[in-house]
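Thanks for coming. Please have the model open while I talk.

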Amino acid sequence: MLKIENVTKKYSNGITGIENFSLSMADSEIVCIAGPNGSGKTTLINCVLDVIPMTSGSISFNGLPCGKEEYKQSIAYVADETILIDSLSGEEYIDFISAMYGKHDEVKRNSLIELFSMQGALKQIVSTYSHGMRKKLQLICAFMLECKLIILDEPTRGLDVESIVSLKKLMKKYQAAGGSILMSTHNLSAAESYCDRFSIISGGALIAEGTAEELKSRYDADNMEEVFMKSSVLSERSERIEEIIAGM
Amino acid sequence: MKEVNELKKLLLVCNIYQKILSNNLKKFLDTATKKIIAASIIICVLVFGVIGGYLLSNEVVSLFLSGDASSVYLLVISQSLTAFIMTVAFFAVFSFISSDSSTLEQVLSWMPIKNIYRKLGIILPQMLNIIMCVMILMIILYLPAMFVNQVSIGVILTVLASSFIQSVLSLLLIETFYHIFVFITYHLHIPYFLNISLSFSIILSSLYVFMQLKNYSEYLTDYQAYSYQPIYIGSGIYAMLFRKQLSVSINPLIYFLIVAGIIAAFLLAVSTDRSKCEQRPLKFLQNWRFTSNKAQTLLMKELKFNVRNEDNFLLILLILLAAILCRIKFGFNTENLTVVIVLAAVSTLPVFNSYSLDLKYIRLYKQLGVSPLLLYVTKLLGALIYSAFIYIILNMIYFSSFNGLKYSLLGVIFLLVFSVSFNFMGILIPKNPEVPTAQAAGIITVLLIILPLFYVFTRIIPLNHAGKIVLTACVFICSIIGGIWMNQKRWYKAE
């Protein structure tokens with residue numbers, strides 16, 4: 001179980017990334033964090049990953065405090081910015097990640113490579129990959145590690161339709177096997193079909209939380225995009241957007 | 001068991017770092033022609049290095065070696081000093097041109113590996129590369145002379161071992177200071193704190209070398225009084241081994257405590273560094289607004305690019321610190337034309353990088369309807385204004401009286417010529433982010449060809465004042481034509 005309790009991150013330039021953010025995630029749960037650009041989603045993910053130190057609060061996973069090696073061993077990550085070591089070949093990159101986590105399931109690895117149709121590209125150097133191929137490589141690594149929690153930051157961005165369909169099925173299979181996923185996405189319509197719960201964040205604070213149905217009923221909305229507009233962007237901003245578009 | 005796993009991960013990171021370097025090199029040397037050129041350069045450097053090294057060091061080596069332990073010890077001291085200086089120099093060079101390891105650090109930041117092992121995984125191969133360079137140079141410089149003087153293998157190995165220890169300990173010290181500076185500048189919220197810390201550690205080490213060189217003869221004459229100075233700490237092992245024959249007053253306990261202290265301080269300093277996650281870019285010239293005039297906008301963009309570029313920032317910081325030190329130490333001033341010419345040359349160094357900063361945006365410029373000539377002119381002008389700004393600051397540092405003003409004004413001509421020529425060099429051999437050493441190597445190769453040619457040419461045709469002006473004008477015009485031509489080539493190549 002992932003427990004985020006009253007986490008605050010203030011950057012050295014005085015900007016507050018997130019403030020008093022709390023969230024609990026049960027095992028086998030897929031939670032989506034949604035919020036406008038600059039709302040603090042990536043800051044939150046970086047705190048959970050222990051990439052940046054939080055100013056206050058606490059994070060733990062299955063009782064392991066954030067920062068401990070065992071904690072990091074339990075979490076896999078797919079970054080939004082397709083951060084990869086460009087000078088390695090796809091195969092070398094996968095080997096490196098496997099070795100760092102100490103996990104070598106050859107069958108699973110090969111199945112994932114085949115699932116994302118990456119067999120032909122593995123010998124190539126990563127810097128020659130397209131955005132979608134880089135994303136696929138990250139996804140192969142994340143699901144290959146059999147961690148208990150996977151953090152996905154915009155997992156479908158740049159993927160072709162076949163890969164998106166495969167990813168959704170893979171996520172469901174992973175969930176059924178007891179894994180949890182914390183993901184951040186702007187594609188809320190698609191997320192509605194596979195996320196158990198949504199946390200909407202704005203200005204670094206948690207604005208709303210619940211299942212898609214609960215949120216839709218709370219905000220009297222037909223879909224999650226409407227919920228998002230009403231909750232995170234606030235209704236005044238929503239009206240202003242209408243005015244700007246009308247005036248164009 | 002857990003620590004063994006951590007050590008395995010450390011080795012894995014070291015291995016991947018070296019793999020990145022070797023893949024980058026393979027990618028750079030992707031054609032047979034490039035491989036042949038690289039091999040030829042290496043062979044030439046080795047052959048000339050061995051001959052040059054022999055000529056340089058034979059006298060020193062034969063002077064030191066009279067056969068007894070004390071003469072070998074003096075050679076060991078001398079080589080330890082050389083190794084320290086070389087280590088500082090290579091640290092500076094590698095820090096400035098080394099491949100960007102930030103992506104590897106970023107990828108490792110969320111992985112199950114302890115902070116200290118993550119850092120060491122990147123620092124250790126970097127150190128290994130520096131030590132390898134130092135040792136290769138020491139071997140090239142001293143080995144031929146030692147063989148000619150029939151020095152025994154045992155002594156050769158001892159001398160090389162102390163140079164190795166010296167290089168390792170020197171690097172540990174420099175790295176310690178670097179990480180302490182990073183810790184301080186990070187907590188003081190200073191922008192570009194990594195580069196600032198790097199500059200401080202390089203300058204501090206250089207300053208220490210300058211201060212200690214004064215005592216060089218003292219170390220040799222009073223060799224029996226061992227002073228535990230970092231500059232020749234590698235020689236301590238030899239001094240301890242032959243303590244009785246040499247009558248050196250060295251206390252092994254103190255020596256090993258100092259060595260252990262250096263290692264402990266290094267590990268402590270590295271483990272405290274958790275500060276690379278936040279970027280703090282500079283926002284200089286933020287209030288300068290772009291206009292509807294395309295040329296003016298491109299020029300302003302170029303200036304913003306230059307002043308905010310981290311490499312330029314590091315370079316200028318180093319130039320300014322070195323300039324201040326030279327002014328204090330040697331008393332140079334603008335009343336000397338040679339000093340002014342050097343200031344002009346140094347001010348234009350950032351121009352080398354100028355073109356490579358924009359290489360990836362050529363497609364964007366095409367889309368925006370910018371012509372290659374307009375891009376060339378605005379980039380050159382921008383780099384020139386930037387260099388002029390550095391030149392003014394340097395002249396202010398070196399100002400002593402109004403007599404030097406005429407030289408400073410004359411220096412503007414040199415500034416102009418250097419800017420245009422360096423700009424041409426930068427277009428000819430743009431910086432490759434994956435193989436940063438390539439640009440430096442390429443420029444050195446070009447200089448190695450041009451300078452002897454220039455020397456021979458001026459010997460055959462001695463130039464008077466007018467001749468020199470004509471030659472300078474020729475260099476200026478050829479560089480502009482060459483720059484425009486190469487810029488056009490790169491422009492149409494970037495499809």
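I will cover a surface patch and then two helix pairs in chain B.

This is a predicted model, in which local features need pLDDT of at least 70, side-chain atom pairs count only at pLDDT 80 or more, and totals for chains, interfaces and linings use all residues. Residues are numbered from 1 along each chain as its sequence is written, chains are lettered from A and ligands numbered from 1 in the order written, and side-chain values use heavy atoms, leaving out hydrogens and water.

The patch first. B:Phe177, B:Ile180, B:Phe183, B:Ile184, B:Leu188 and B:Leu204 make a nonpolar surface patch of about 520 Å². A patch takes residues with over 30% relative accessible area and no salt bridge, and joins nonpolar side chains within 5 Å. Helix H6 of chain B, residues 153-187, gives the largest share, four residues. Where is B:Leu188? B:Leu188 lies in the loop between H6 and helix H7 (193-213) of chain B. With a relative accessible area of 55%, B:Leu188 is exposed (over 50%, with a 1.4 Å probe and protein chains only).

Now the helix pairs. In chain B, the axes of H18 (residues 405-428) and H20 (residues 465-493) come within 8 Å and cross at roughly 30 degrees. H18(B) and H20(B) are therefore roughly parallel, a term for angles under 35 degrees. Their crossing is left-handed.

The axes of H12 (residues 294-308) and H17 (residues 372-397) of chain B also come within 8 Å, and cross at roughly 45 degrees. The crossing of H12(B) and H17(B) is right-handed.

Technical notes:
Patch = residues over 30% accessible without salt bridge, like charges linked within 9 Å, V, L, I, M, F, W, Y side chains within 5 Å. Areas by Shrake-Rupley, 256 points an atom, 1.4 Å probe, with all protein chains shown as cover. Salt bridge = Lys/Arg side-chain N within 4 Å of Asp/Glu carboxyl O. Buried < 20%, exposed > 50% of the residue type's maximum accessible area, 1.4 Å probe, protein only. Axes fitted to C-alpha atoms, helices over the stretch in contact; angles between N-to-C directions. Parallel < 35°, antiparallel > 145°, perpendicular 65-115°, else oblique. Left-handed = near helix turned anticlockwise from the far one by under 90°.
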